[in-house]
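Here is a short briefing on one protein chain. Please look over the sequence and the structure before reading the points.

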Amino acid sequence: KKGSVVPVPTEETEPFEITGSGRITDILARLETMPNFRTSVLADSQGLQIAGVGSAEYQEEMAALSGVAETLANRVTEMLPFDRINRVHIHDTNELVLSCRFFTLHSEGYVLSSMSGQSPLPRDAENAVVEALERTLG
């Protein structure tokens with residue numbers, strides 16, 4: 001629902017962990033428990049969607065934009081003194097956030113893109129999902 005925002009969790013929240021491996025959509029579905037979550041997509045570095053959870057309305061567009069975000073991240077490292085960029089956050093004036101988390105597995109690039117309200121999903125949640133995806137895809 002547009003404009004509805006849930007408060008961001010404080011530091012006292014439980015650590016976000018995923019043990020073992022599983023189906024890709026089951027792993028992504030763990031993000032649905034995060035406050036302000038809207039949609040999450042796993043795409044390859046070309047922007048082709050592999051799996052998605054949450055609102056289906058923007059999943060295809062998010063997958064396509066993840067390829068664009070990775071291209072932007074690569075350009076930044078070419079033009080500025082940045083090392084390999086592993087995440088990008090885009091914030092709009094309506095408090096929506098698009099987060100793209102880049103990772104490589106067996107020399108193939110992947111992007112975990114998530115849309116949330118107010119603030120990016122917690123870094124430990126993104127990292128736990130990426131680690132579980134690496135176990136599953138590995």
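Predicted model: local features only at pLDDT ≥ 70, side-chain atom pairs only at ≥ 80, totals over all residues.

Residues are numbered from 1 along each chain as its sequence is written, and side-chain values use heavy atoms, with hydrogens and water left out.

**The sheet**

- Helices (H or I, at least four residues) and strands (E, at least two) are DSSP runs, numbered from the N terminus.
- An open sheet is formed by 5 strands in the order β2-β1-β5-β4-β3, with antiparallel pairing; two strands pair if DSSP finds at least two bridges between them.
- At the edges are β2 (49-54) and β3 (87-91), each of which pairs on one side only.
- On average, neighbouring strands of this sheet are turned by 15° against each other, direction ignored. Axes are lines fitted to C-alpha atoms, for helices over the stretch in contact, and angles run from 0 to 180 degrees between N-to-C directions.
- Strand β1 (residues 37-44) pairs with β2 in the antiparallel sense over 5 bridges, and A43 has Q49 in β2 as its bridge partner.
- β1 also pairs with β5, again antiparallel, over 7 bridges; here T39 has M115 in β5 as its bridge partner.
- β4 and β5 run antiparallel and are joined by 10 bridges.
- The hairpin of β4 and β5 has 2 residues between the strands, and H106 takes a positive phi near 55° there.

**The helices against the sheet**

- Helix α2 lies across β1, β2, β3, β4 (96-105) and β5 (108-117), and runs at about 60° to β1.
- Helix α3 (residues 123-137) lies across β1, β3, β4 and β5, and runs at about 35° to β4.

**The nonpolar cores**

- In soluble globular proteins, nonpolar side chains tend to be buried together.
- A nonpolar core is a set of buried Ala, Val, Leu, Ile, Met, Phe, Trp, Tyr and Cys residues joined through side-chain atoms within 4.5 Å. Buried means under 20% relative accessible area, exposed means over 50%, and partly exposed lies in between (1.4 Å probe, protein chains only).
- The largest nonpolar core has 19 residues, and those with the most contacts inside it are L28, L31, L42, V129 and L133.
- Two or more residues each are given to this core by α1 (24-29), β1, β2, β4, β5 and α3. The largest share, 5 residues, comes from α3.
- A second, separate core of 13 residues includes A43, M62, I85 and F102.

**Two single residues**

- Leaving aside neighbours within four places in sequence, S113 is in contact (heavy atoms within 4.5 Å) with residues including T39, V41, M62, S66 and L98. C100 stands opposite S113 in β5.
- V76 is in helix α2 (residues 59-79) and counts as partly exposed, because its relative accessibility is 22%.
- Leaving aside neighbours within four places in sequence, V76 is in contact with F82 and I85.

**The salt bridges**

- Side chains of opposite charge can pair when their charged atoms come close.
- How many salt bridges does a search of the whole structure find? The search finds 3, where a salt bridge is a side-chain nitrogen of Lys or Arg within 4 Å of a carboxyl oxygen of Asp or Glu.
- D26 forms a salt bridge with R23, and their closest N and O atoms are 3.2 Å apart. D26 is partly exposed at 42% relative accessibility, whereas R23 is exposed with a relative accessible area of 54%.
- E78 forms a salt bridge with R75, with the closest N and O atoms 3.1 Å apart. Both lie in helix α2, 3 residues apart, which is about one turn of the helix.
- E78 counts as exposed at 57% relative accessibility, and R75 as partly exposed at 42%.
- R87 and E126 meet through their side chains in a salt bridge (3.0 Å, N to O). R87 lies in strand β3 and E126 in helix α3, so this pair ties together parts that are 39 residues apart in sequence.
- R87 is buried with a relative accessible area of 14%, and E126 is buried with 1%.
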